[in-house]
Amino acid sequence: MKREYSIFFLILAIVSNMSFAQSACNGLLPFEEQNGLLTIEMESGVINDDRWKIATETFEGEQVTYLHWTGAQSFSALSGAPIVYKIKINNPGTYRFAWRMRVGLGESKGEHNDAWLKIDAEDFYGIKDNAKVYPKPLCNSDPNLTCAAGTSTQGYMKAFGNRLDYGFVTNTNDHVAHRVWVVFSEAKEYTITVDARSSYLFIDRMVLHRSDVSGSVAFNMSNPESSCYDELSIDAIEGVGEIELFPNPTNGIVQMKNLPVNSTLVISNIFGSVVREKNISEPNEDIDISTLEKGVYFFSIKNKLKSF
């Protein structure tokens, strides 16, 4: 019997001098939902823009590490600085989304309180009293759907909270706040994408919990960050040692050692699109990435194993 495995290996972050870094669990490997609950620290996503900042403060006796935007505010269009979080759903169903946030600048609950949010799922909406609202352009394409009041674009909704202290809240729809819900119909990988809207919205973590998991359980601050799903560790392949990758930074050539022969190296971007594949015929290979655009890329290894 022949079985095919996909092995995530590393993140390749190409900046001005084309450097890369490895991480075990930073939003590239999907965070895995277990028992209807998913908890992700906001700093664990793929951050490509240095206007996003990670900081730590002591607030009301609690030390909080949070993510915030320091660039220009963008209320009518995306900022073009998306942070992508990959997730793996094991238990399909209807989930509430909420992040733990506070207004980080000033004393107005209506300012510095929102970001753009998109969840790649079978259904993504705001709801209040059984009335649903949807992002554009989806809501414009179906007369039976209602668009969320306020701005939405390209599948993103304005996601806001109105707290001066930290708490779990994410709403959409101006004037009449609707909670954000998502339907995952299949057990598979999805993505959550956050883009900048307001500056100085302080976001600590985000939570997805299925409708049969109570808020008191889901929003318990003793809950650890969800672990990452790794379909098959490198150690599970017989004869493959620790794969090495260097130098860091690189001017365009990445040297890799201890690769599994007769496997395929796959390079993809943060949106999951494959930009290059290479058949591995030698355990040590030089990979030329000088022609790739600046950005963040995933390296994965596909290997076919025979078992009888």
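**Note on charged and aromatic side-chain contacts**

1. The side chains of R51 and D49 come together in a salt bridge with an N to O distance of 2.7 Å, the term standing for a side-chain nitrogen of Lys or Arg within 4 Å of a carboxyl oxygen of Asp or Glu. R51 is partly exposed at a relative accessible area of 34%, whereas D49 is buried at 17%; buried here means under 20% relative accessible area, exposed over 50%, and partly exposed in between, with a 1.4 Å probe and protein chains only.

2. Please keep in mind that this is a predicted model, in which local features need pLDDT of at least 70 and side-chain atom pairs count only at pLDDT 80 or more, while totals for chains, interfaces and linings use all residues. Residues are numbered from 1 along each chain as its sequence is written, and side-chain values use heavy atoms, with hydrogens and water left out.

3. By the salt-bridge rule, the count comes to 13. One of them joins E57 and R102, with 3.0 Å from N to O, and since E57 lies in strand β4 (residues 52-59) and R102 in strand β7 (residues 93-103), the pair ties together parts that are 45 residues apart in sequence. Strands are DSSP runs of E with at least two residues, numbered from the N terminus. E57 is buried at 15% relative accessibility, and R102 is buried at 11%.

4. R100 forms a salt bridge with E62, where the closest N and O atoms are 2.8 Å apart. This pair links distant parts of the chain, with R100 in strand β7 and E62 in strand β5 (residues 62-69), 38 residues apart. R100 counts as buried at 7%, but E62 is partly exposed at 27%.

5. How many aromatic pairs does a search of the whole structure find? The search gives eight, a pair being rings of Phe, Tyr or Trp (its six-membered ring) with centres within 6.5 Å, called stacked if the planes are under 30 degrees apart, edge-to-face if over 60, and tilted otherwise. Among them, Y66 and F202 are stacked, at 4.0 Å centre to centre and 20° between the planes. Y66 lies in strand β5 and F202 in strand β17 (residues 201-210), so the pair ties together parts 136 residues apart in sequence.

6. Y95 is buried at 0% relative accessibility, and F184 is buried at 1%. Ring pairs link Y95, F184 and Y190 into a cluster.

Key. Helix = DSSP H or I, 4+ residues; strand = E, 2+ residues; numbered from the N terminus.
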